[in-house]
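Thanks for coming. Please have the sequence and the structure open while I talk.

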Amino acid sequence: MARRIDVTGTGGVRLAAWEFGDPPKTDPAGTDPAGLDPAAAHPTQDGQAGQAGQAGAGTAPDGSPGVLLLHGLMGRASHWAPTARWLSGRYRAVALDQRGHGRSDKPPQGAFTRDAYVDDAEAALEQLGLAPVVLIGHAMGALTAWQLAAKRPDLVRGLVICDMRASALGAASQREWDQWFKSWPLPFATLADVRKWFGEDDPWVERPNPARGEFYAEVMAESPDGWRPVFEPEQMLRSRETWVYDAHWEELAQVQCPALVVRGLDGELGRAEAQEMVRVLPRGQYAEVADAGHLVHYDQPEAWRAAIEPFLDALDHD
């Protein structure tokens, strides 16, 4: 199950963090399958889930070290649920709904800059008492993770970068994303329609991908006219434009802790770029997951865990 803990990000933005533990053997209450509270399945509704101002100090009661999981653009903390539950056997495992995502605040005039995302993660670490922490990030969350590791090496003892490029993507990429958002057939009549469109009908899908359909179904909420995303596409574009025009090799070179770069064999991060990232990282390592696209941890959860476990084992025995 997961316990919600509210933290305060930069500029006073309220962020929802979720601390995971082992799920119950049975689920008579019919809670959300992601392991969150029932209302969290639809983050625009006003559910309560054990909110608190901040967590206790340092580590879990048994002395476990901390791990913070950061989702990618459009994602939410519950996408990490299987990974976080698995990690909870050895860590105090917390996943963060980043600003504009999940059940965290989505301020219309708020900052969606790189600095804002990094500062939020830094504030969460300090308020939750997780440091020194292992940061695990996917896509945009991975960029936030390595930028934070470069900025505050005292807070981070290990880093896992999942399918995020360090090179600039350029203006054409931003235009493609703008057009992609406009192509969504909103509102969706049912969640089945969401799963089918994102898993099969989306022009960006090369072959049927049920996991992708489930991924997007998890970030939809029911509204009076149908199912719509829990995030604002305009805020996602604002978030994205703060990194797509720049390369991020310099921050990689400043990461002092051990770091693992993981790519899906069919993901967005190519092998040559991933290996160059490993070379640039002072203590970089490499792993890849077969039969996985960009959503590595979602496409192939068992293979994903197998890819990162040796790194975590070495980190814990360092």
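At what angle do helix H5 and H6 pack, and how far apart are their axes? Keep in mind that this is a predicted model. Helix H5, residues 191–201, packs against H6 at an angle of about 130 degrees, and the axes are 7 Å apart. Angles over 145 degrees would count as roughly antiparallel, so H5 is oblique to H6. The crossing of these two helices is right-handed.

Now the residues. From H5, the contact uses Leu-191, Val-194, Arg-195, Phe-198 and Gly-199. They meet Arg-212, Gly-213, Glu-214, Tyr-216 and Ala-217 of H6. By class, the contact of H5 with H6 has 5 nonpolar, 2 polar and 3 charged residues.

The next pair is H4 and H7. Helix H7 covers residues 233–241, and its axis comes within 11 Å of the axis of H4, with a crossing of roughly 170 degrees. That makes H4 roughly antiparallel to H7. On the H4 side, the contact includes Trp-177 and Phe-181; on the H7 side, it includes Met-236 and Leu-237. The residues of this contact divide into 5 nonpolar, 2 polar and 3 charged.

Last, the largest pocket. It holds about 1100 Å³ of space. Its lining has 37 residues, and the closest to the pocket centre are Arg-212, Asp-266, Glu-268, Gly-293 and His-294. Arg-212 also came up in the contact of H6 with H5. Helix H4 (171–183) and helix H6 (210–217) each give at least two residues to the lining. Sorted by class, the lining has 17 nonpolar, 9 polar and 11 charged residues.

Technical notes
Residues numbered from 1 in each chain as written. Predicted model: local features only at pLDDT ≥ 70, side-chain atom pairs only at ≥ 80, totals over all residues. Heavy atoms only, no water. 1 Å grid on protein atoms, 1.4 Å probe; cavity = no way out; pocket = protein on both sides within 12 Å on 5 of 7 lines; lining within 4 Å. Points joined across faces, edges and corners; volume = space filled by probe spheres on them. Helix = DSSP H or I, 4+ residues; strand = E, 2+ residues; numbered from the N terminus. Nonpolar A, V, L, I, M, F, W, Y, C, P; charged D, E, K, R; others polar. Axes fitted to C-alpha atoms, helices over the stretch in contact; angles between N-to-C directions. Parallel < 35°, antiparallel > 145°, perpendicular 65-115°, else oblique. Left-handed = near helix turned anticlockwise from the far one by under 90°. Contact = heavy atoms within 4.5 Å.
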